[in-house]
2 protein chains.
Amino acid sequence: MNDPDWNLYRTFLGVLESGSLSGAARALGLTQPTVGRHVDELEQALGHVLFTRSQQGLMPTELALSLRPYAQSLASTAAALRRQATGALNEIEGTVRISSSDVIGVEVLPPILAALQSEHTKLGIELSLSDAVEDLLRREADIAVRMTQPKQESLVVRHVGEIELGLHAHAGYLARHGRPVSFAELSTHCIIGYDRRTAFIRAMIGEIRKQAPDFPDPEQPCWSFRADSNLAQLAAIRAGVGIGFCQTRLAARDPHLVRLFPDFRLTLPTFVAMHEDLKTTPRYRRTFDALVTGLQDYIATRR
Amino acid sequence: MNDPDWNLYRTFLGVLESGSLSGAARALGLTQPTVGRHVDELEQALGHVLFTRSQQGLMPTELALSLRPYAQSLASTAAALRRQATGALNEIEGTVRISSSDVIGVEVLPPILAALQSEHTKLGIELSLSDAVEDLLRREADIAVRMTQPKQESLVVRHVGEIELGLHAHAGYLARHGRPVSFAELSTHCIIGYDRRTAFIRAMIGEIRKQAPDFPDPEQPCWSFRADSNLAQLAAIRAGVGIGFCQTRLAARDPHLVRLFPDFRLTLPTFVAMHEDLKTTPRYRRTFDALVTGLQDYIATRR
DNA sequence: TCCGGATCATTCATTTTTGAATATCATCCA
DNA sequence: TGGATGATATTCAAAAATGAATGATCCGGA
């Protein structure tokens with residue numbers, strides 16, 4: 001039993017992601033008969049049915065679904081290889097892929113990266129917004145900005161400081177609804193919070209209750225605007241939907257945002273991490289350093 | 001610029017590993033012209049030279065070497081995918097790849113795995129002897145037996161106990177050289193030890209000096225037989241080369257091995273770990289459980 | 001009910017990829 | 001020095017993969 005053609009894995013992943021032969025063909029720049037043949041061939045090679053065919057698309061079997069993470073890993077590694085192969089090895093050129101949380105990626109990194117790119121015009125940046133800690137090991141990104149300390153041995157990790165979060169609201173919202181002076185009063189306000197309860201969120205809520213025992217319970221109806229994305233929460237605060245947490249440095253940039261209970265704060269430790277392998281290659285090294293100093297500047301900025 | 005054919009990566013890796021087009025062709029079941037064309041094609045697609053051709057083989061460029069880990073990751077992921085695809089998903093059949101240290105793999109696991117396989121005749125086992133902690137994330141193995149606690153979030157880890165190491169020698173050796181009764185006396189004996197100094201070894205030597213301050217310094221000439229492989233050390237002890245550390249449970253199996261300084265011991269915490277993704281698939285689950293109970297039995301066995 | 005739009009399957013000519021054979025060069029050893 | 005060996009490069013016919021075209025089927029909306 002020979003190793004099947006590695007391309008079969010690529011088209012397999014395409015079919016899995018698009019849900020149909022024709023869709024995968026469009027996405028991969030092939031034709032539908034070719035994609036169909038690839039699937040047949042892979043099924044033959046593996047000795048199992050991967051999809052149940054129907055005229056409105058293909059239904060992946062349980063086995064096919066279980067193979068998906070492997071195929072994705074192949075795809076991201078192949079992409080990482082190509083990134084590494086772009087540009088000369090010892091120059092600061094080619095592409096670097098960065099993963100960060102959404103707010104940091106949208107609000108904080110662009111100026112840092114813009115400065116870096118204006119210095120190194122041949123440097124390409126890919127920015128992927130995600131919080132998955134495993135990204136770096138799966139080579140889905142070269143460098144990651146994270147709020148939890150990565151613990152893998154093979155990573156270079158740098159702690160850049162603590163990002164401060166505080167309760168904020170738009171001045172217009174406060175004009176309409178009044179400014180709360182006690183945490184208990186918050187129960188008459190609209191609080192912007194999380195949709196799902198992850199371990200991280202639960203820990204954060206615990207921290208809140210420690211500092212502010214009167215803080216309204218997340219079950220109460222005043223937590224009325226919920227979004228998983230911190231970015232959506234930030235937009236909601238800016239739009240005057242209600243009161244929510246956001247980074248104090250970010251809020252300080254917007255003259256209409258008012259900080260409530262200035263002594264009440266949460267802090268997020270912030271790290272920049274990359275694969276150890278990459279530290280000898282100038283473009284990764286330079287980008288890593290730029291992120292570290294850029295984030296340190298961001299954190300250290302006083303109003 | 002399109003994604004190059006993923007097969008090119010496979011032949012690229014083959015060329016890197018064999019050092020020549022013809023060698024890679026033999027290894028991959030292709031012909032030399034095909035391999036050569038694949039390399040050309042990949043170079044064209046990446047826009048860089050990967051090998052400097054010569055008539056006695058190919059010299060990889062620095063860039064090619066830097067791409068090697070990516071290509072290896074592709075290969076091991078492809079292999080893991082195929083492993084996952086062998087056998088029916090919900091039966092205990094197909095292949096499971098286990099990584100363990102050499103001594104455990106050679107001396108302890110075989111009976112455990114043999115019992116497992118006699119119960120599940122369609123289950124295939126691959127055993128890879130290696131200590132690299134990252135194996136599981138790179139999918140080079142499905143399950144690992146390790147002496148340090150893996151800390152990755154996405155792993156299922158089980159502590160199975162502490163393996164005890166003690167100083168041992170063959171009865172014949174002691175008959176020839178006498179039996180030492182104090183640690184200081186060891187300096188007139190042949191001590192079997194490590195070749196290189198890793199962080200782990202240094203920690204172990206520190207632990208030794210704590211319990212036995214008189215223990216000869218590794219720099220002294222009495223540490224005369226050195227091997228990186230614990231297996232080679234064990235073989236040396238069994239062959240009567242000198243005095244060395246080995247697992248007390250293993251030594252107890254051989255009536256000719258004598259334990260010296262029975263109160264003097266080192267312990268190695270032992271863990272079984274696997275990817276979280278795999279725990280719902282019966283064959284991995286079953287193998288994991290068999291390893292856990294098998295190792296617990298091994299550790300708990302009294303002479 | 002019928003038709004447009006989507007799917008997968010099949011066929012066949014075309015393109016691409018492959019391998020066998022061969023040429024050429026370097027190295028090692030008697 | 002000459003010959004065996006092992007390497008890459010080149011050539012050309014055979015084999016394999018591909019895509020365009022077509023057919024068949026299902027779904028949903030007018």
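In this predicted model, B:C246 counts as buried, with a relative accessibility of 5%. A:C246 is likewise at 5% relative accessibility and counts as buried. The cut-off for buried is under 20% relative accessible area, so both values fall in that class.

No disulfide is found: the count over all chains is zero. A:C246 takes part in none, and the cysteine sulfur nearest to it, that of A:C190, lies 15 Å away. For B:C246 the nearest cysteine sulfur is that of B:C190, also at 15 Å, and B:C246 is in no disulfide either. A disulfide requires two cysteine sulfur atoms within 2.5 Å, so a separation of 15 Å rules out the pair B:C246 and B:C190.

The accessibility values for the residues discussed in this report are listed here.

| Residue | Relative accessibility | Class |
|---|---|---|
| A:C246 | 5% | buried |
| B:C246 | 5% | buried |
| B:H38 | 19% | buried |
| A:Q56 | 74% | exposed |

B:H38 sits in helix α3 of chain B, which spans residues 32-46. Its relative accessible area of 19% places B:H38 in the buried class, because the limit is under 20%. The side chain of B:H38 makes a polar contact of 3.4 Å with the side chain of B:T11. Leaving aside residues up to four places away in sequence, B:H38 touches B:L8, B:T11 and B:L30.

A:Q56 lies in the loop of chain A between β1 (51-54) and β2 (57-60). With 74% relative accessibility, A:Q56 counts as exposed. A:Q233 is 177 residues from A:Q56 along the chain, and the C-alpha atoms of the two are separated by 38 Å.

Next comes strand pairing in chain B. Strand β3 (residues 94-100) and strand β4 (residues 123-129) of chain B run parallel and pair over seven bridges. One of the bridge pairs joins B:I98 to B:L127 in β4(B). Between β3(B) and β4(B) the chain passes through helix α5 (residues 102-119) of chain B, giving a right-handed β-α-β crossover. In a regular strand, side chains alternate between the two faces of the sheet.

Finally, the two chains can be compared.

Definitions and conventions:
Residues numbered from 1 in each chain as written. Chains lettered and ligands numbered in written order. Predicted model: local features only at pLDDT ≥ 70, side-chain atom pairs only at ≥ 80, totals over all residues. Heavy atoms only, no water. Buried < 20%, exposed > 50% of the residue type's maximum accessible area, 1.4 Å probe, protein only. Pairing = 2+ DSSP bridges. Helix = DSSP H or I, 4+ residues; strand = E, 2+ residues; numbered from the N terminus. Right-handed = clockwise from strand over helix to strand, strands pointing away. Polar contact = N/O pair within 3.5 Å; in protein donor to acceptor, adjacent residues only side chain to side chain. Contact = heavy atoms within 4.5 Å.
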